[in-house]
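Biologist: I'm new to this structure and would like to learn how to read it. Could you walk me through a few features?

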Amino acid sequence: MNQHSFVWLHRTGFAVCAACFALVAASPSAAQEETSDSTVTPQRSYRISPVVVTATRSEKETFDVPKPVAVMDRDDILRKKPNSAADLFREMPGLDVTGVGTNQVRPSIRGQRGQRILLLADGMRLNNSRRQQSFGEIPALIDVRSLERVEVVRGPASVLYGTDAIGGVINLITRRPTAEGLHGSAGYRFSTHDEQQNAGGSLFGRFGAWSFMAKGMFRNANDYEAPAGDFGQITLAQNTKVLDTGAQDHSAEGMLAYELGRNKELFVKYERYRADTAGFGYVDPEDYAPGAPFIQILYPFQDFDKSTVGFRAANLGVPIADRLNIVGFFQQNERRLSNNVFVAFGPPGAGVDVKSNNYTDLETFGARVEVGKLVGNSVMLTYGVDLFRDGTQNTDSSVTTMVGFGPPQVTESNTPLVPNASYLNTGVFLQGDIQLTNRASVILGGRYQYIRAATQETEGVTDPLQTESYNTFVGTANAIFDVTDRVSIIGSVGRGFRAPNLVEQFFNGLTPEGAAYQVPNSDLEPETSLNFDLGARYRSRYIYLEAFGFRNEISNGIRIGATGDSLNGLPTFSNVNVDKLRFLGVEVAGDIMLPFGPYLGASFAYLDTKDVLNENNPIGDSYSNKLQFELGYRDPGDVFYVEYAFRHNGARKDSELSGPIGTSPIGEVLPAFTTHTVRGAVTVFRRGMHSHRLGVTVRNLSNALYAEFSNAGFFRPEPRRSLVVSWDVTF
């Protein structure tokens, strides 16, 4: 650790600890809370903290989790009406989004995105090894209306979950039948900016030992418009279409469970998602930067099917297990990806036009066996094994046309850029949650992981078959100390890793823009991270506060680098382990909820990034800071609520816009922006469990032109002012 990082951590730790003791001093002492009758035990009234399972694999209130976590529950989903779970991240500290449109928005955690964060559904991975590094799996695979809550672990979680959990973990937890009898919900939503129509419903049943669930959603959305205005050096003279941001998609889900006995359950589940004509999104360069490259990335279709079978048991009381979870799944992800690129150079009208298509059929088998055992009265052990195997079949075609230099020169290819391949990951893990005293506990854990990637016989590919394998060990140590019943201090250190995926290892061919070749690199090693967190939490009857400072350093970071060679007159590039990336940040959040209805929530996040080995290489992957607050009133009888939300993202100078590429029409500084949202809902009918609720939201109230960080360099602004109307029914 260098002097700068040590001083930063020292100052952050001092500030957090000072805040803790200030809170202690401001809190009423236990003696002050006692009643005049000394025989009566004093009662302390606290709000109920959400219960989370992702961070530790055992149920804990967020206040007691020794890591930075965030929970977005069903109330957040109903209030904010997101297109997918990723949209919930816009107003949370340390969390951001990348991508635009109805279903292509993906999450970002502390400046990490794509394959550096792990996406789970009910604790089982959704990531796959055929995605590009910057493009993780889309949360839209799971209908946001079917979610009970979204849990986020900020920082590495590789001990429990293996590869890809280098920057954090997101767990999409779906609703399950709980009440006896038949019940369910239905809803409809319309939004003006994309003329989206969204309808869906769910049905739950529990009858004796049997329970079931069925859900479905259909959505049709057009491309949205961005407002006229200025963003940096870009000016849009009028409302402008952001093309390929709409989608037609639908999903279905079914589950059947049977209780084999007390606290024992066997279940089967099936999920399906289909999306058509969804895309990366783009604004025609002629609307804001004539002469800039034309780049269209389109997914004509994506099919996702997943079948899961599992067994859960609790209170077993056998020598090696009190709790046992066994889950196996098979999922198939088929998609077509089309790239249409035109890069102008030379005389007017001249350039290179590249049209390529990729069809990928990826099949994944996976399983997880997890055991929980209480040893004595103070140690909870969680241990087990997990594995998954991806198998891919790839078909590619491309047509490259050079124009403007005499007769068009056409080059065609049907050689797959990534050969058919398999990708095997298996790991064993052990974690101990140890209660040291009635106020202090630690969590210690470790994992051993083995990874094997191998190419297979592929039509059109003559390269020799390759097999690459890796193994690694990661560990974590987390501690929490309750200074008082209201104040806790948290410290955490952990290692994470991400193994190179199939694209990074085996891609061989012309890059999508047609200006260079990418060649394989058989010497790639896994990325690793070392993360430190120091924080504090405070809670009282009406107030919740937390603050964290963190330092995450990624070693052996994988990125594209020039080889110095050329092929067919074009330069060649490959993925290499070169980066040593440092991320420093602060996250502060809190809220006040009064019993008669008013509430106020606010958060602030700051992020600083640096390439330790090359300070001239800007790596910023987020705005430098984000300030957010919401002010609202909720009727104590839950008849209605109204809310105003404000978000300000600060400007960033050390982004890729100011780097060696220097081609962004925005300019060298990524400008700040501010958004305003108002929303509310009223219950128009209620009788028992049957209710009807009308919701109204106005987004981007000031009609500002802006783009989220990762959507700025390749300019894809957010929608203009829009109205969202929803009708939700429960029964």
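**Reading the salt bridges**

Modeller: Let's start with a pair of side chains: D433 and K60 meet in a salt bridge, 3.0 Å from N to O. The term means a side-chain nitrogen of Lys or Arg within 4 Å of a carboxyl oxygen of Asp or Glu. D433 lies in strand 25 (residues 421–435) and K60 in strand 2 (residues 60–61), so the pair ties together parts that are 373 residues apart in sequence. Before we go on, this is a predicted model, where local features need pLDDT of at least 70, side-chain atom pairs count only at pLDDT 80 or more, and totals for chains, interfaces and linings use all residues. Residues are numbered from 1 along each chain as its sequence is written, and side-chain values use heavy atoms, with hydrogens and water left out.

Biologist: Are D433 and K60 buried or exposed?

Modeller: D433 is buried, and K60 is buried too. Here buried means under 20% relative accessible area, exposed means over 50%, and partly exposed is in between (1.4 Å probe, protein chains only).

Biologist: What does D249 form with R219?

Modeller: The general idea is that side chains of opposite charge can pair when their charged atoms come close. D249 and R219 form a salt bridge, with their closest N and O atoms 2.6 Å apart. D249 sits in strand 18 (residues 247–261) and R219 in strand 13 (residues 210–221), so this pair links parts that are 30 residues apart in sequence. Both D249 and R219 are buried. Now look at D276 and R274, another salt bridge, at 2.9 Å between the closest N and O atoms. D276 is partly exposed at 23% relative accessible area, and R274 is partly exposed at 23%.

Biologist: How many salt bridges does the structure hold?

Modeller: It holds 54. Some are linked in a network, with D75, R79, E630 and R679 among the members.

Biologist: Strands keep coming up. How do I read them, and how do strand 25 and strand 26 pair?

Modeller: Helices (H or I, at least four residues) and strands (E, at least two) are DSSP runs, numbered from the N terminus. Two strands pair if DSSP finds at least two bridges between them. Strand 25 and strand 26 pair in the antiparallel sense over 15 bridges, and a hairpin of 4 residues joins strand 25 to strand 26. Y423 stands opposite A453 in strand 26. Strand 26 also runs antiparallel to strand 27 (residues 467–482), with 15 bridges between them; there, G445 has T476 of strand 27 as its bridge partner. In strand 26 (residues 440–455), 12 of the 16 residues are buried, so the rest of the structure largely encloses it.

Biologist: And what about backbone angles? Where is K81 found?

Modeller: Most residues other than glycine have a negative phi. K81 has a positive phi, near 50°, and is found in the loop between helix 3 (74–80) and strand 4 (95–98). K81 counts as buried, at 11% relative accessibility. E195 also isn't a glycine, and its phi is positive at about 50°. E195 is in the loop between strand 11 (181–191) and strand 12 (196–207).

Biologist: One last thing: which strand gives the most to the nonpolar patch?

Modeller: Strand 37, with 3 residues. Patch residues have over 30% relative accessible area and no salt bridge; like charges are joined within 9 Å, nonpolar side chains (Val, Leu, Ile, Met, Phe, Trp, Tyr) within 5 Å. This surface patch, including Y188, F640 and W727, has about 700 Å² of accessible area together, by the Shrake-Rupley method with a 1.4 Å probe, where for residues only the protein chains shown count as cover. F685 belongs to the patch, lies in strand 37 and is partly exposed at 32%.
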